[in-house]
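Welcome! Take a moment with the sequence and the structure below, and then we will walk through them together.

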Amino acid sequence: MEETRGKKETMRLEIESLSCNEAFARVAVAAFMARMDPTVEEVDDVKTAVSEAVTNCVIHAYGGGEGKIWIQAEVEGSLLTVQVRDSGVGISDVKKAMEPLYTGKPEAGRSGMGFSFMEAFMDEVQVDSVPGEGTVVTMKKKLGQ
Ligand SMILES: Nc1ncnc2c1ncn2[C@@H]1O[C@H](COP(=O)(O)OP(=O)(O)OP(=O)(O)O)[C@@H](O)[C@H]1O
Ligand SMILES: [Mg+2]
């Protein structure tokens, strides 16, 4: 354990766009970050953020249809970086999409709070998207703050 401390370690996961994989993805990331000796609250924060990002891929990127979701988690010292990527429809106006209460699917009863939760539970959230190509959500959290 001691000799690996501070080194960068990475985990990559490719899953189908299915709602049952939302739980799988958040548990996988939680298990990966266990090496950081996180608090229960830190793990819960990350699980919530991962869950919101993956749910967005399933619902918005692929509209409930087929697709792949790529998750990458990286630990470097006390910094956790999680990336959730899809090759779905993309977002034309990222700034608007990230506004609290904005949802592209009001009719589906979405509350438009997913990105706000990610921002509340992680230290940094960056969204890069190309319409027609896909979206990458990169989230960072420093543990032990
Ligand atoms: N991966 C994605 N691909 C395409 N569009 C997305 C993606 N993620 C988010 N969006 C767009 O951004 C909007 C805002 O996302 P956000 O998660 O904040 O709210 P929501 O998913 O609509 O509602 P909630 O998360 O509260 O159920 C979505 O309604 C959708 O239009
Ligand atoms: Mg959402």
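## A pair of rings

Phe 117 counts as partly exposed, with a relative accessibility of 34%. Please keep in mind that this is a predicted model. Phe 121 is partly exposed as well, at 27% relative accessibility. How many aromatic pairs does the structure hold? There is one. It is formed by Phe 117 and Phe 121, whose ring centres are 6.2 Å apart and whose planes meet at 25 degrees, so the pair is stacked. Planes under 30 degrees apart count as stacked. The two residues sit four places apart in helix H4, which means that about one helical turn separates Phe 117 from Phe 121. An α-helix has 3.6 residues a turn, so residues three or four places apart point the same way.

Helix H4 itself covers residues 114-121 and lies across E4 and E5, running at about 25 degrees to E5. That brings us to the sheet.

## The sheet

In what order do the five strands of the open sheet come? The order is E1-E2-E3-E5-E4, and the pairing is antiparallel. At the edges are E1 and strand E4 (124-130), each of which pairs on one side only. From one strand to the next, the twist averages 10 degrees. Strands of a sheet pair through backbone hydrogen bonds, either parallel or antiparallel.

Let us look at two of these pairings. E1 and E2 are antiparallel and share nine bridges. Strand E2 (residues 68-76) and strand E3 (residues 79-86) also run antiparallel, joined by eight bridges. E2 and E3 form a hairpin with two residues between them, and in the turn Gly 77 has a positive phi of about 60 degrees.

| Residue | Bridge partner | Strand of the partner |
|---|---|---|
| Met 11 | Ala 73 | E2 |
| Trp 70 | Arg 85 | E3 |
| Ile 71 | Val 84 | E3 |

Besides being the bridge partner of Trp 70, Arg 85 lies over the face of the Trp 70 ring, at 4.4 Å from the ring centre.

## Two helices to compare with the sheet

Helix H2 (residues 40-61) lies across E2, E3 and strand E5 (134-142). H2 runs at about 10 degrees to E3. With 22 residues, H2 reaches 30 Å from its first C-alpha to its last, close to the 32 Å expected at 1.5 Å a residue. After H2 comes Gly 63, whose phi is positive, near 55 degrees.

H1 has 13 residues and spans 19 Å from its first C-alpha to its last, close to the 18 Å expected at 1.5 Å a residue. Which residues of H1 are buried? They are Asn 21, Glu 22, Ala 25, Ala 28, Val 29, Ala 30 and Phe 32. Among the elements that cover these buried residues of H1 are E1, H2, E2 and E3.

Is Ser 17 buried or exposed? With a relative accessible area of 5%, Ser 17 is buried, because buried means under 20%. Ser 17 lies in the loop between strand E1 (8-16) and helix H1 (20-32). Leaving aside residues up to four places away in sequence, Ser 17 touches Cys 57, Val 58, Tyr 62, Gly 65, Gly 67 and Ile 69.

Two other loop residues are exposed. Asp 37, in the loop between H1 and H2, counts as exposed at 69% relative accessibility. Leu 101, found in the loop between helix H3 (94-97) and H4, is exposed too, with a relative accessible area of 63%.

Their backbones are also worth a look. Most residues other than glycine have a negative phi, and most peptide bonds are trans. Asp 37, however, has a positive phi, near 55 degrees, in a residue other than glycine. Leu 101 is not a glycine either, yet its phi is positive at about 75 degrees.

Conventions: Residues are numbered from 1 along each chain as its sequence is written. Chains are lettered from A and ligands numbered from 1 in the order in which they are written. This is a predicted model: local features need pLDDT of at least 70, side-chain atom pairs count only at pLDDT 80 or more; totals for chains, interfaces and linings use all residues. Side-chain values use heavy atoms; hydrogens and water are left out. The expected span of a helix is 1.5 Å times one less than its number of residues. Buried means under 20% relative accessible area, exposed over 50%, partly exposed in between (1.4 Å probe, protein chains only). Contact means heavy atoms within 4.5 Å. Two strands pair if DSSP finds at least two bridges between them. Axes are lines fitted to C-alpha atoms, for helices over the stretch in contact, and angles run from 0 to 180 degrees between N-to-C directions. Rings of Phe, Tyr and Trp (its six-membered ring) pair if their centres lie within 6.5 Å; planes under 30 degrees apart count as stacked, over 60 as edge-to-face and the rest as tilted. A charge sits over a ring if NZ of Lys or CZ of Arg is within 6 Å of the ring centre and within 35 degrees of the ring normal.
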